[in-house]
Amino acid sequence: MRDDLSPPASAARSRFDSEVALAMSDVPLPVGLTGRLHTAVKASPVQPSGDATAARRANHWPGRLMLSGSVALVLFAAWSWLGPRAAALTDADVQRLAELDLSSLPADPSGTRIAIPAGWQSLPGMELGGQPVIVQDDTLSVPVRPLTFRANRHGRRVTGLLLALPESRWFSHIEATSLSDPEVRYTATGTWAIWREGKTIFVCVLRADPRVLEALQLAASGREVS
Amino acid sequence: MADGMPLPTMDQLIEQHAALLYRYAYRLTGNSHEAEDLTQQTYLLVQQRGHQLRDVQALRGWLLTIVRNVFLKSRRHRGRGRSLDDIDEPTVAEESWDSPVDREQLQQALLELSEEFRSPLVLYYFEDFSYQQIADHMEVPIGTVMSRLSRAKTFLKKRLTAGEECAATPPLRANRSKVLTTRTALSHG
């Protein structure tokens, strides 16, 4: 075992170490990666970190101390009043929800009704689970409505979930105001659409490729799905 | 040091570090789509919380910590992979190694390890992190890092040796270290 604390990139490194190091960094980058990252960052209306630096410099420490104390008090009061349920959800939380087997989760004991998007009561192909289930662990507590969607009579039935959150429970501001033009996330487990209706943020996760989301958008807009 | 240096803009962060974050994410997940998703989520969090970084010189480690925390959070409900806590540390010097490492075999071996062994291994080889840096990154004592690295390297070497089917398969360990509960990079002041 090495007993020095220095970086391993030294002449003493064994042949095995060198070969593994070479192989470890040999990961091809996807074409267009940085372009997509720039697009995602620009689409997210949060203050860039460079601006944050300038703001940080402008603060003097006594003011920061007072501000920190005030923020801590407000956070403590909010935590005392609302507990962990008030935590805002992030993309990572939705990713985690998307990977859960919702059928194994208990129904929400509070009986809270989850709002549904406008027009979804009679949306062709959409079946919303009647009773929301509750996803709860040490950091998260959120009611989720399972759903299934079939684009047309011959199409495959895909599963998914619907979240309806007060805007304070989503980590960033959402500009999109309808399912026809939502913010979209593409992941290995499926496709999500995020949009707002009034003060409610809807997150619809479909465990399917983006074409199914497009079919849902068509259905929601009242157009025929072939 | 830190307060005198401006933070890079988001554009600069992407241009300078996207490849590093993606490669680290790929080694953690073994999947290009998940790796890109992890990288994107990391940048969105950085954009939201970049002002929390106090030491610009620690930027690279801070970014990698966010990647790891997002990864851990996404995997909380999945299987753990193999822990090596019961395998003996090597007692003899490393013998010679004269063949190139198969890339696919390497990734497969990494994915067989539990995250607490996989991350230090990736950081050690891929990013030339010192033991202390890895310990800081994983929030564990340096002795733990050295022990895990030693065991992980032993496992890796056996796994990559042609014809050897990892006969000394280490048993799974049931208890979980505190690794899964570390989310500090997302909330550091």
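**Exercise 1. Determine which helices of chain B the buried residues of H1(A) pack against.**

Solution. The structure is a predicted model.

Step 1. Identify the buried residues. Helix H1 of chain A covers residues 15–24, and its buried residues are A:Val20, A:Ala23 and A:Met24.

Step 2. Viewed down the axis of H1(A), the buried residues fall within an arc of 100°, so they line one face of the helix.

Step 3. Find their partners. These buried residues pack against four elements of chain B: helix H1 (10–29), helix H4 (103–112), helix H5 (115–126) and helix H7 (142–160).

**Exercise 2. Describe the secondary structure of chain A and of chain B.**

Solution. 

Step 1. Count the elements. Chain A has six helices and seven strands, while chain B has seven helices and zero strands.

Step 2. Read the order. Chain A follows the pattern α-α-α-α-α-β-β-β-β-β-β-β-α along its sequence. In chain B the elements run α-α-α-α-α-α-α from the N terminus on.

Step 3. State the share of buried residues. In chain A, 26% of the 226 residues are buried; in chain B, 41% of the 189 residues count as buried.

Step 4. Consider the sequence range of the contacts. Of the chain A contacts between residues at least 6 apart in sequence, 56% join residues at least 24 apart. For chain B, residues 24 or more positions apart account for 74% of the contacts with a separation of 6 or more.

**Exercise 3. Find which residues of the largest nonpolar core touch the most other members, and which elements supply this core.**

Solution. 

Step 1. Trace the contributing elements. At least two residues of this core come from each of H1 of chain A and H1, helix H2 (32–49), helix H3 (59–74), H4, H5, helix H6 (131–138) and H7 of chain B.

Step 2. Name the main contributor. H1(B) provides the largest share of this core, ten residues.

Step 3. Examine one member. Apart from its neighbours within four places in sequence, B:Tyr24 is in contact with B:Leu64, B:Val67, B:Val122 and B:Phe126.

Step 4. Note the other core. A second, separate core has 36 residues, among them A:Ala151, A:Trp195, A:Phe202 and A:Val205.

**Exercise 4. Characterise the packing of H2(B) and H3(B).**

Solution. 

Step 1. Take the geometry. The two helices pack at an angle of about 120°, and their axes are 9 Å apart.

Step 2. Classify the angle. H2(B) and H3(B) are therefore oblique to each other.

Step 3. H2(B) passes H3(B) in a right-handed crossing.

Step 4. List the contact residues. H2(B) contributes B:Leu38, B:Gln41, B:Thr42, B:Leu45 and B:Val46, and H3(B) contributes B:Leu63, B:Ile66, B:Val67, B:Val70 and B:Phe71.

**Exercise 5. Characterise the packing of H1(B) and H5(B).**

Solution. 

Step 1. Take the geometry. H1(B) and H5(B) pack at an angle of about 140°, with axes 10 Å apart.

Step 2. Classify the angle. This makes H1(B) oblique to H5(B).

Step 3. The crossing of H1(B) and H5(B) is right-handed.

Step 4. List the contact residues. B:Arg23, B:Tyr24, B:Arg27 and B:Leu28 of H1(B) make the contact with B:Arg118, B:Val122 and B:Phe126 of H5(B).

**Exercise 6. Decide whether A:Phe202 is buried or exposed, and describe its surroundings.**

Solution. 

Step 1. A:Phe202 lies in strand E7 (residues 200–206) of chain A.

Step 2. Apply the cut-off. A residue is buried if 20 or more other C-beta atoms lie within 10 Å of its own. A:Phe202 has 25 C-beta neighbours inside 10 Å and so counts as buried.

Step 3. Compare sequence and space. A:Phe202 and A:Leu163 are 39 residues apart in sequence, and their C-alpha atoms are 5.6 Å apart in space.

Step 4. List the contacts. Leaving aside neighbours within four places in sequence, A:Phe202 is in contact with A:Pro117, A:Leu162, A:Leu163, A:Ala164, A:Trp195 and A:Glu197.

Note on methods. Residues numbered from 1 in each chain as written. Chains lettered and ligands numbered in written order. Predicted model: local features only at pLDDT ≥ 70, side-chain atom pairs only at ≥ 80, totals over all residues. Buried ≥ 20, exposed ≤ 12 C-beta atoms within 10 Å, placed from the backbone. Arc of directions from axis to C-beta. Contact = placed C-beta atoms within 7 Å. Core = buried A, V, L, I, M, F, W, Y, C linked by C-beta atoms within 7 Å. Axes fitted to C-alpha atoms, helices over the stretch in contact; angles between N-to-C directions. Parallel < 35°, antiparallel > 145°, perpendicular 65-115°, else oblique. Left-handed = near helix turned anticlockwise from the far one by under 90°.
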